[in-house]
Amino acid sequence: VAGGTFEMGSATSGHTDGQPEHKVTITQFYLDQYEVTNLQYKDFVDATDHRVPVHWRNRTFPEARRANHPVVNVSWEDAKAYADWIGKRLPTEAEWEWAARGTQTWDYPWGRNCNPDCANYDNPDGKTTDVDKFPRGQSASGAWDMCGNVGEWVNDWYDDQYYQSSTDLDPQGPPSGNRKGYRGGGFQGNRMDIRTVARHFAMAATSQEYIGFRCAMDYEDD
């Protein structure tokens, strides 16, 4: 993801934790194109004997056809353990929003209006979908499913007042806290929940059927 400067947050988001809108500069970095899948997470579980998501049986995801679905029921702690194992990290909240939104002022990676052809959302009785099901939902940076399907853990502690004191270069979030942020909303969320500026949070040990993650890496010149 190329570096750049953008307006993070939204003065009209309707939620004070997204205010004030403020200028942030992001250094270029790498981001997974897709959310981490069940099959990828199983490789991690098999290699490390890490605990499995609560809905798995016999140490594998319950349906073979869901191999390419995002892994869910993973806590922030689980997501970090996977990222450490594979030599990556979780993206910061600012990196996530930059990759999803870029310099556009759109609410969604694909444009100003929500579109069921671009994301898996507003489906409270539904499930996840393949991570490459919605090509029309890609962000300008080439990332799929930044909105909808599952919410994605970010590295930052969550603070609803953080935007009032955030640094303007590669902000890392508050130094401590008791809740971690996740972004993007999930299949159960509505059009407001999945906006690129919408902030969500949960306890670091929490796992939910609508939260997964993707990984990032620092960019290093050869």
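Reader: Which strands does helix α3 lie across?

Author: In this predicted model, helix α3 (residues 93–101) lies across β4 (151–157), β5 and β6. The helix runs at about 140° to β4.

Reader: What is the order of the strands in the open sheet?

Author: First the general idea. Strands of a sheet pair through backbone hydrogen bonds, either parallel or antiparallel. Here the open sheet has four strands in the order β6-β5-β4-β7, and the pairing is mixed.

Reader: Which strands stand at the edges?

Author: The edge strands are β6 (199–202) and β7 (211–212). Each has a single partner strand, so one side of each is left without a neighbour in the sheet.

Reader: How many bridges join β5 to β6?

Author: Four bridges join β5 (residues 180–183) to β6, and the two strands run antiparallel. For glycine 181, the bridge partner in β6 is phenylalanine 201.

Reader: At what angle do helices α1 and α2 pack?

Author: Helix α1 (residues 38–48) packs against helix α2 (residues 76–86) at an angle of about 80°, and their axes are 11 Å apart. That angle makes α1 roughly perpendicular to α2. On the α1 side the contact is made by Gln40, Tyr41, Asp43, Phe44, Ala47 and Thr48; α2 brings Asp78, Ala81, Tyr82 and Trp85. By class, the contact has six nonpolar, two polar and two charged residues.

Reader: How many aromatic pairs does the structure hold?

Author: A pair of aromatic rings is described by the distance of the centres and the angle of the planes. The structure holds 15 aromatic pairs. In one of them, phenylalanine 44 and tyrosine 82 have ring centres 5.5 Å apart and planes at 80°, so the pair is edge-to-face. The pair links distant parts of the chain, with phenylalanine 44 in helix α1 and tyrosine 82 in helix α2, 38 residues apart.

Reader: Is phenylalanine 44 buried or exposed?

Author: A residue counts as buried under 20% relative accessible area. Phenylalanine 44 is at 2% relative accessibility, so this residue is buried. Tyrosine 82 has a relative accessible area of 3% and is therefore buried.

Reader: Which residues form the aromatic cluster?

Author: One aromatic cluster is formed by Tyr41, Phe44, Trp56, Phe61, Tyr82, Trp85 and Phe213.

Reader: Where does asparagine 149 lie?

Author: Asparagine 149 lies in the loop between α3 and β4. The relative accessibility of asparagine 149 is 0%, so this residue counts as buried. Leaving aside neighbours within four places in sequence, asparagine 149 is in contact with residues including Glu35, Pro70, Asn120 and Phe187.

Notes. Residues numbered from 1 in each chain as written. Predicted model: local features only at pLDDT ≥ 70, side-chain atom pairs only at ≥ 80, totals over all residues. Heavy atoms only, no water. Pairing = 2+ DSSP bridges. Contact = heavy atoms within 4.5 Å. Axes fitted to C-alpha atoms, helices over the stretch in contact; angles between N-to-C directions. Parallel < 35°, antiparallel > 145°, perpendicular 65-115°, else oblique. Nonpolar A, V, L, I, M, F, W, Y, C, P; charged D, E, K, R; others polar. Buried < 20%, exposed > 50% of the residue type's maximum accessible area, 1.4 Å probe, protein only. Phe/Tyr/Trp six-rings, centres within 6.5 Å; stacked < 30°, edge-to-face > 60°.
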